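Please read it with the coordinates open.

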Amino acid sequence: ITVTLLGTGSPVASMDRFGPSILVQAGTQTFVFDAGRGALQRLTQVAVTFDQVNALFLTHLHSDHVVGIPDLWLSGWLLSRRSEPLRVFGPTGTSAMMGHLKQAFEFDIRLRIEDDKAPPAGSELRVTDITQGVVYEAQGVRVIAFEVDHRPIVPAFGYRVEYGGRSVVLSGDTRFSTNLIKFAERADLLIHEVADGSDAYLAQNPNYAQVLAHHTRPQDVGKVFDAVKPKLAVYSHIVTGGVAAQDLVKRTRETYSGPLVVGEDLMRFVVGRDVAIYRP
């Protein structure tokens, strides 16, 4: 299994950290998990074309996780000449959202087919509102969705991808979640969100405390990592206020002493007997 972090940032991410999105390639299957700002651009940078994507999986419907969908879907369709519908899996509300997106871009889609001669089937969507359990299985690859705690966003999902005896777990957005620990058991690679803030930043931005309440502090993520004991733990969807990357690691080390990497956009992981790390 090969995993590439397309975007590791937050809604106010910089050009170095685009919006949350992760590419997973397992066997013959290619998946994108979430489509934050710049997902298509990052996908292009790693030489994956949109017609190669078998499915898009959404963890939840916060805008920073879905704002890149129209670009990924429509620009990707035109650039790759995709000739098959895009399969989309996500929580309750995904079918409605994608239906409204198709309606919003109805004029453009019609003109692209009539004028640009784009393959009509490539503009189509096959959407499934999912519940916890196995949501996709093909060519020896299995994708399992599990509920996490991102209240008041209910449901919100993490995902486990299995292939060839290897496994990758993506947390999605969540507080400390015992259900995540359960579904991440024996995972080779665990990619988890993290959020923190300095005292000075919180004093100047009191509303930021509400943001932190919906996410997981590094000390608590460390407890998740310590319980799961993956071959490699990785931070993505990094939400910080006045806290440097090295401080995230230092705070995680209060509860976890295993292998840990702070993710960067375009960082790649190859999961085999060990997990190899390729930096951008």
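Which residue forms a salt bridge with Asp149, and how far apart are the closest N and O atoms? Arg175 is the partner, and the closest N and O atoms are 2.9 Å apart; a salt bridge here is a side-chain nitrogen of Lys or Arg within 4 Å of a carboxyl oxygen of Asp or Glu. Because Arg175 lies in the loop between strand 10 (166-170) and helix 6 (178-183) while Asp149 belongs to strand 8 (residues 141-150), the pair ties together parts that are 26 residues apart in sequence. Helices (H or I, at least four residues) and strands (E, at least two) are DSSP runs, numbered from the N terminus.

This is a predicted model, in which local features need pLDDT of at least 70 and side-chain atom pairs count only at pLDDT 80 or more, whereas totals for chains, interfaces and linings use all residues. Residues are numbered from 1 along each chain as its sequence is written, and side-chain values use heavy atoms, with hydrogens and water left out.

**Salt bridges**

| Lys102 | Glu124 | 2.7 Å |

Accessibility is classed by relative accessible area (buried under 20%, exposed over 50%, partly exposed in between, with a 1.4 Å probe and protein chains only).

The salt bridge between Glu124 and Lys102 ties together parts that are 22 residues apart in sequence, because Glu124 sits in the loop between helix 5 and strand 6 (125-129) and Lys102 in helix 4 (residues 94-104). Glu124 is partly exposed, with a relative accessible area of 27%, and Lys102 is partly exposed at 28%.

Arg279 counts as exposed at 54%, while Glu264 is partly exposed at 32%. Salt bridges that share partners also join Asp108, Arg112 and Asp116 into one network.

**Helix packing**

Two packed helices are described by the angle between their axes and the distance between the axes. Helix 3 (residues 69-80) and helix 5 (residues 106-114) pack at an angle of about 5°, with their axes 12 Å apart; the axes are lines fitted to C-alpha atoms over the stretch in contact, and angles run from 0 to 180 degrees between N-to-C directions. Helix 3 is therefore roughly parallel to helix 5, a term that applies to angles under 35 degrees. Helix 3 contributes Trp73, Leu74, Trp77 and Leu78 to the contact, and helix 5 contributes Asp108, Ile109, Arg112 and Ile113, where contact means heavy atoms within 4.5 Å.

**Aromatic pairs**

The count comes to 14 aromatic pairs, in which rings of Phe, Tyr and Trp (its six-membered ring) have centres within 6.5 Å. Phe33 and Phe57 form a stacked pair, 4.9 Å centre to centre with 15° between the planes; stacked means planes under 30 degrees apart. Phe33 lies in strand 3 (residues 29-33) and Phe57 in strand 4 (residues 55-57), so the pair ties together parts that are 24 residues apart in sequence. Phe33 is buried at 3%, and Phe57 is buried at 0%. Ring pairs link Phe31, Phe33, Phe57, Phe89, Tyr136 and Tyr159 into a cluster.

**Backbone geometry**

A cis peptide bond with omega of about 15° joins Arg151 and Pro152, and Pro152 lies in the loop between strand 8 and strand 9. Another cis peptide bond, with omega of about -5°, joins Val154 and Pro155, and Pro155 is placed in strand 9.

Asp34 has a positive phi of about 70° although it is not a glycine; Asp34 is found in the loop between strand 3 and helix 1 (39-45) and is buried at 5%. Arg81, likewise not a glycine, has a positive phi of about 60°, lies in the loop between helix 3 and strand 5 (86-90) and is partly exposed at 38%.

Methods: Angles under 35 degrees count as roughly parallel, over 145 as roughly antiparallel, 65 to 115 as roughly perpendicular and the rest as oblique. Rings of Phe, Tyr and Trp (its six-membered ring) pair if their centres lie within 6.5 Å; planes under 30 degrees apart count as stacked, over 60 as edge-to-face and the rest as tilted.
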